[in-house]
Amino acid sequence: CTFAHSHICTLTKHLHINQAFAHLHILTFAHLLLMRLPLFMALRYLFSRKRVGAINIISGISVLGVAFGTAALLCTLSVFNGFRDLIGSLYTAFDPPLMVVPTQGKFATTDDPSLLQMMRQPEVKAASFTLEDHALILFRGRPTVITLKGVDDNYDRVTGIRSILYGTGRYELHRGTLNYGIPGIGLASTMGGIDYGTLQICAPRKGERINLANPGESFNADDITSPRVCFDVNQRKYDENYFITSLAFAQGLFEQPGCITALELSLQPSANPDATKRKMQQLAGQRFKVMDQLEQQQEVFNVMNIEKSMAYLFLTFILLVACFNIIGSVSMLIIDKRNDVETLRHLGASDRLIFRIFLYEGRIIALLGAAIGTVLGLSLCWAQQTFGLIKMGSDQSNFIIDAYPVSIHATDVLLVIATVIVVGFASVWWPVKHQTRKHGINI
């Protein structure tokens with residue numbers, strides 16, 4: 001800048017340029033040069049072509065440490081996403097896209113104006129009334145508590161129940177006065193098979209206490225027949241407890257004529273689920289709650305989110321430990337380049353400029369490790385998705401899938417990159433400041 005200032009007058013006389021204009025441009029150029037100089041020198045120190053010494057090797061190890069930490073974090077989050085999507089797909093066949101339940105009390109009526117209005121919306125493909133409560137089955141003298149779910153004739157259009165049926169019969173809820181009951185595969189196994197013939201289902205009478213002297217008087221009982229099929233959701237909650245039958249049978253058994261516990265809705269392919277949910281909630285008001293599939297299994301997904309968060313925290317701590325290699329690498333570089341620092345000072349470099357050189361060195365290592373780790377992690381996830389490299393176990397019959405599921409979400413990729421940058425930059429700043437101050441560089 002001093003050289004430029006002393007020769008501005010000479011240059012402007014020869015070039016016939018306004019002196020103030022030339023002064024501004026030269027100072028701007030000098031400012032840009034001072035901004036790029038620390039980055040340029042940091043890159044030269046990191047990618048030196050003259051010789052490869054111990055510092056370069058340690059810097060390479062630091063890059064690899066950050067890269068492997070980044071790849072591990074990305075792969076772990078993708079595996080959690082894979083399990084989450086897998087479990088969500090299992091529930092999809094049994095849970096409807098949207099479910100409307102009362103906010104107060106357990107029951108609602110089938111002629112409720114709000115429910116009827118929601119059923120008539122153009123985004124709704126099909127709607128089904130359901131009634132769900134606990135009951136007792138008596139099979140070969142062994143009473144078993146079940147969750148009896150009564151559904152109307154549109155239930156198979158709202159859910160994918162037909163896709164998860166197994167057996168020699170077919171999906172059928174009633175025929176004339178005969179009512180059929182479809183158990184979960186686990187419940188069917190407890191009962192001895194899907195062809196259980198006819199069994200008796202009991203439920204407590206409405207508003208009555210159990211008479212211990214004669215318990216039979218306190219229960220409603222009715223017979224149900226097997227359609228020789230069962231459903232398999234691959235979730236114990238449903239497979240071992242649920243029993244599907246007709247809505248009329250459940251209303252009669254529980255003494256709830258014209259009542260339901262939920263309205264289940266399926267949507268048109270062109271409908272936006274989030275927008276439709278908000279619209280339905282406006283129509284429902286305060287009396288009903290509209291839930292999507294995630295909210296219907298809130299407990300399950302909450303546990304998975306907690307596990308994913310804990311894994312993220314632990315791996316972030318491991319990543320922080322890997323960033324300590326950057327601290328050692330930059331510290332050794334500061335010691336090795338003491339002569340360069342003195343030369344820069346004689347040339348007029350400020351302490352802040354010298355500090356930024358070594359700070360950029362650490363940041364470049366962190367960014368390079370993040371870039372390599374992201375590419376490595378995405379490549380490993382792609383390989384796992386394509387080839388199933390890591391299997392679930394030696395006995396594949398015990399699992400519903402052969403290999404660990406992987407699902408890459410853009411938000412997780414951005415989260416990992418941001419985490420590496422923040423952890424890397426934060427772990428470098430204070431050690432560089434301490435080491436430079438130790439060698440007489442004050443900022």
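This is a predicted model: local features need pLDDT of at least 70, side-chain atom pairs count only at pLDDT 80 or more; totals for chains, interfaces and linings use all residues.
Residues are numbered from 1 along each chain as its sequence is written, and side-chain values use heavy atoms, with hydrogens and water left out.

Now colour by secondary structure: the protein chain has 15 helices and 15 strands (DSSP runs numbered from the N terminus, H or I of at least four residues for helices and E of at least two for strands). Of its 443 residues, 45% are buried, a word that stands for under 20% relative accessible area, with exposed being over 50% and partly exposed in between.

Next, select helix H4 (residues 54-92) together with helix H12 (residues 298-336), whose axes come within 8 Å and cross at roughly 175 degrees; the axes are lines fitted to C-alpha atoms over the stretch in contact, and angles run from 0 to 180 degrees between N-to-C directions. H4 is therefore roughly antiparallel to H12, a term for angles over 145 degrees. By class, their contact has 22 nonpolar, twelve polar and four charged residues (Ala, Val, Leu, Ile, Met, Phe, Trp, Tyr, Cys and Pro count as nonpolar, Asp, Glu, Lys and Arg as charged, and the others, Gly among them, as polar).

Stay on helix H4 and pick Ser 78, which counts as buried because its relative accessibility is 1%. Leaving aside neighbours within four places in sequence, Ser 78 is in contact with Cys 381, Pro 405, Val 406, Ser 407 and Ile 408, where contact means heavy atoms within 4.5 Å.

Then select Leu 115, Leu 148, Ile 201 and Phe 243, which touch the most other members of the largest nonpolar core, a group of 36 residues (a core being a set of buried Ala, Val, Leu, Ile, Met, Phe, Trp, Tyr and Cys residues joined through side-chain atoms within 4.5 Å). Strand S3 (residues 124-139) gives this core its largest share, seven residues. A second, separate core has 33 residues, including Leu 73, Cys 323, Ile 326 and Ile 354.

Finish at Gln 251 in helix H9 (residues 247-253), which is buried with a relative accessible area of 14%.

Definitions and conventions:
Buried means under 20% relative accessible area, exposed over 50%, partly exposed in between (1.4 Å probe, protein chains only). Angles under 35 degrees count as roughly parallel, over 145 as roughly antiparallel, 65 to 115 as roughly perpendicular and the rest as oblique.
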